[in-house]
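Me: I am new to this structure and would like a close look at a single part.

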Amino acid sequence: MTCEPPAPLWAPVPPPHRLVSLARAWLDEDLPWPDATVGVAGDAPTRAHLLSKGGGGPGGVLAGAPFAEAVFGVSGCHVTWRVPEGGSLPPGRALVAEVEGPAGGVLTGERVALNILGRCSGVASMAARAVGVARGQGWGGVVAGTRKTTPGFRLAEKYALGVGGADPHRGGLGGGLLLLKDNHRALAAAAGGLEKMVLGVRRAGGFTRRVGVECSNAAEALEAAGAGADIILLDNLSPQELHSAAAQVKAAHPRVTVEASGGVVLGTLPQFLGPHIDVVSMGCLTHSAPALDFALRVLEP
């Protein structure tokens with residue numbers, strides 16, 4: 001389906017030192033020893049066109065430009081973008097950017113940069129479609145990702161969610177949300193009960209962080225909200241069970257944030273939207289987003 005353009009970028013671009021650090025690590029992975037083909041190419045001034053190859057269908061969004069540009073920068077090249085970050089990718093083959101630099105640098109950065117753009121653009125495009133579905137249903141809550149990201153590439157994927165208009169969710173275990181999941185709850189009795197566990201986590205985490213509790217039914221949700229949780233994560237409930245539990249929580253604890261999660265995909269998303277749901281988190285925005293295809297074509301002198 002065709003969706004509205006993504007919301008303006010909310011996700012801040014990582015600082016230059018982080019971009020350079022990631023770029024160096026990704027290039028080291030791809031080129032751990034000298035490449036004879038790059039050596040033969042030499043340092044002759046070279047120009048190349050960076051192309052998208054289809055845009056992923058209607059709603060394709062460009063994302064990952066700061067990361068790709070950092071890769072080319074480390075390899076001694078300069079990039080001029082023809083499609084802005086967060087911009088719609090035209091159908092068919094289209095010029096996205098021009099790359100200039102020494103031949104060896106262009107070839108060194110090529111595959112890493114293309115992979116970054118493909119992965120980030122795929123995530124941003126799926127996020128934009130999900131937000132489009134939610135807004136099309138008249139729902140004004142938050143569409144979010146999850147921690148189901150690629151090791152070593154989480155920062156880029158979280159950034160891409162923001163480019164697509166979705167919330168990245170917590171960045172990691174050390175983020176602003178302390179989440180007690182089902183496996184934590186299984187240990188609640190040994191810890192003296194859920195309320196004591198919530199209080200202990202809040203005390204250890206400090207006053208600046210919020211506490212969330214994953215729940216699988218209305219009774220657990222009401223217990224967790226009564227124990228002082230800021231966020232109730234209703235996980236893997238059917239839509240009917242979800243909306244009933246959310247209504248009960250909001251009636252008793254109107255200031256608690258209610259989040260729905262668990263197997264939500266684009267096709268089923270409308271079933272999980274409702275007046276008592278504040279957030280719907282979707283792991284598929286990262287773990288199942290198909291990468292878009294990009295290519296680099298060196299121009300003859």
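At what angle do helix H8 and helix H9 pack, and how far apart are their axes?

Reply: This is a predicted model, in which local features need pLDDT of at least 70, side-chain atom pairs count only at pLDDT 80 or more, and totals for chains, interfaces and linings use all residues. Residues are numbered from 1 along each chain as its sequence is written, and side-chain values use heavy atoms, with hydrogens and water left out.

Helix H8 (residues 218–226) and helix H9 (residues 239–252) pack at about 25 degrees, and their axes lie 9 Å apart. Helices here are DSSP runs of H or I with at least four residues, strands are E runs of at least two, and both are numbered from the N terminus. Axes are lines fitted to C-alpha atoms, for helices over the stretch in contact, and angles run from 0 to 180 degrees between N-to-C directions. H8 and H9 are therefore roughly parallel to each other (angles under 35 degrees count as such).

On the H8 side, Ala-218, Ala-221, Leu-222 and Ala-225 meet Ala-245, Gln-248, Val-249 and Ala-252 of H9, where contact means heavy atoms within 4.5 Å. By class, this contact has seven nonpolar residues, one polar and no charged ones.

H9 also holds Lys-250, which forms a salt bridge with Asp-278, the closest N and O atoms being 2.8 Å apart (a side-chain nitrogen of Lys or Arg within 4 Å of a carboxyl oxygen of Asp or Glu). Asp-278 is in the loop between strand E8 (257–261) and strand E9 (279–281), 28 residues from Lys-250. Lys-250 is buried at 18% relative accessible area, whereas Asp-278 is partly exposed at 26% (buried means under 20%, exposed over 50%, partly exposed in between, with a 1.4 Å probe and protein chains only).

Note on methods
Parallel < 35°, antiparallel > 145°, perpendicular 65-115°, else oblique. Nonpolar A, V, L, I, M, F, W, Y, C, P; charged D, E, K, R; others polar.
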